[in-house]
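Thanks for coming. I will take one structure and go through it from the overall layout down to single residues. Please keep the picture in view while I talk.

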Amino acid sequence: MQATLASTHLARPGRPVVVARTLAELAGPTGGVVELPVRLMWSSERTFDLAEPDDLLWLYENVLRETTRADDLRALIDGRTLCRVWRRLNLPRGVRQAWESRHRGLQTA
């Protein structure tokens with residue numbers, strides 16, 4: 001499955017938002033420790049403990065903002081968890097709008 005490139009929405013200048021076609025395809029980890037690749041997080045601190053609420057939010061924010069690949073979404077984001085934490089994520093307006101326009105349920109999550 002391919003993700004949608006939300007060309008009218010930008011994660012930042014020059015970076016279109018990548019949005020999953022369905023939330024069900026997002027089958028990332030729900031526990032444990034995850035290390036993001038450098039292309040998604042340039043800091044030397046790229047490891048996140050998903051049992052820590054702040055780590056989980058920070059990982060999701062970085063992936064949703066920085067990814068240019070649908071595979072990243074499927075591998076790193078869990079659809080149910082995304083719905084649960086959606087309102088608490090600190091996202092650029094373009095990212096939030098792109099995801100909510102594709103997945104209307106996030107607006108009320």
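Contact, in this talk, means heavy atoms within 4.5 Å. This is a predicted model, in which local features need pLDDT of at least 70 and side-chain atom pairs count only at pLDDT 80 or more, while totals for chains, interfaces and linings use all residues. Residues are numbered from 1 along each chain as its sequence is written, and side-chain values use heavy atoms, with hydrogens and water left out.

Let me begin with the whole chain. The protein chain has 4 helices and 4 strands. Helices (H or I, at least four residues) and strands (E, at least two) are DSSP runs, numbered from the N terminus. In what order do the elements run from the N terminus on? The order is β-β-β-β-α-α-α-α.

Now the dimensions. The C-alpha atoms of the protein chain fill a box of roughly 30 × 30 × 25 Å along the principal axes. The radius of gyration, taken over C-alpha atoms, is compared with a globule rule of 2.2 Å times the number of residues to the power 0.38. For 109 residues, a compact globule would come out near 13 Å, and the protein chain has 13 Å, so the two agree. Among contacts between residues at least 6 apart in sequence, 53% join residues at least 24 apart.

Next, burial. Buried means under 20% relative accessible area, exposed means over 50%, and partly exposed is in between, using a 1.4 Å probe and protein chains only. Of the 109 residues in the protein chain, 47% are buried.

That brings us to the core. A nonpolar core is a set of buried Ala, Val, Leu, Ile, Met, Phe, Trp, Tyr and Cys residues joined through side-chain atoms within 4.5 Å. The largest one here has 30 residues, and those with the most contacts inside it are L64, L73, L82, L89 and W99. Which elements give two or more residues to this core? They are β2 (15-19), α1 (53-66), α2 (70-76), α3 and α4. Helix α1 supplies the largest share, 6 residues. Take L64 as an example: leaving out residues up to four places away in sequence, L64 touches L73, L82, W86, L89, L91, V95 and W99.

Now the charged residues. Side chains of opposite charge can pair when their charged atoms come close. A salt bridge here is a side-chain nitrogen of Lys or Arg within 4 Å of a carboxyl oxygen of Asp or Glu. By that rule there are 7 salt bridges.

One of them joins the side chains of E25 and R74, at 2.9 Å from N to O. Why does this pair tie together separate parts of the chain? E25 lies in the loop between β2 and β3 (33-35), and R74 lies in helix α2, so the pair links parts that are 49 residues apart in sequence. E25 is buried, because its relative accessible area is 11%.

Another salt bridge is between D72 and R39, whose closest N and O atoms are 2.6 Å apart. D72 lies in helix α2 and R39 in the loop between β3 and β4 (47-49), so this pair ties together parts that are 33 residues apart in sequence.

E66 is buried at 6% relative accessibility, and R65 is buried at 18%. Salt bridges that share partners join R15, R65 and E66 into one network.

Finally, a few single residues. T81 lies in helix α3 (residues 79-85). T81 is buried, because its relative accessible area is 7%. Which residues does T81 contact, leaving aside its neighbours within four places in sequence? They are T30, L56 and Y60.

Q97 is in helix α4 (residues 93-102), and at 38% relative accessibility Q97 counts as partly exposed. Q97 and S43 are 54 residues apart in sequence and 27 Å apart in space, C-alpha to C-alpha.

V18, in strand β2, counts as buried at 4% relative accessibility. The C-alpha atoms of V18 and R84 are separated by 20 Å, and the two residues are 66 apart along the chain.
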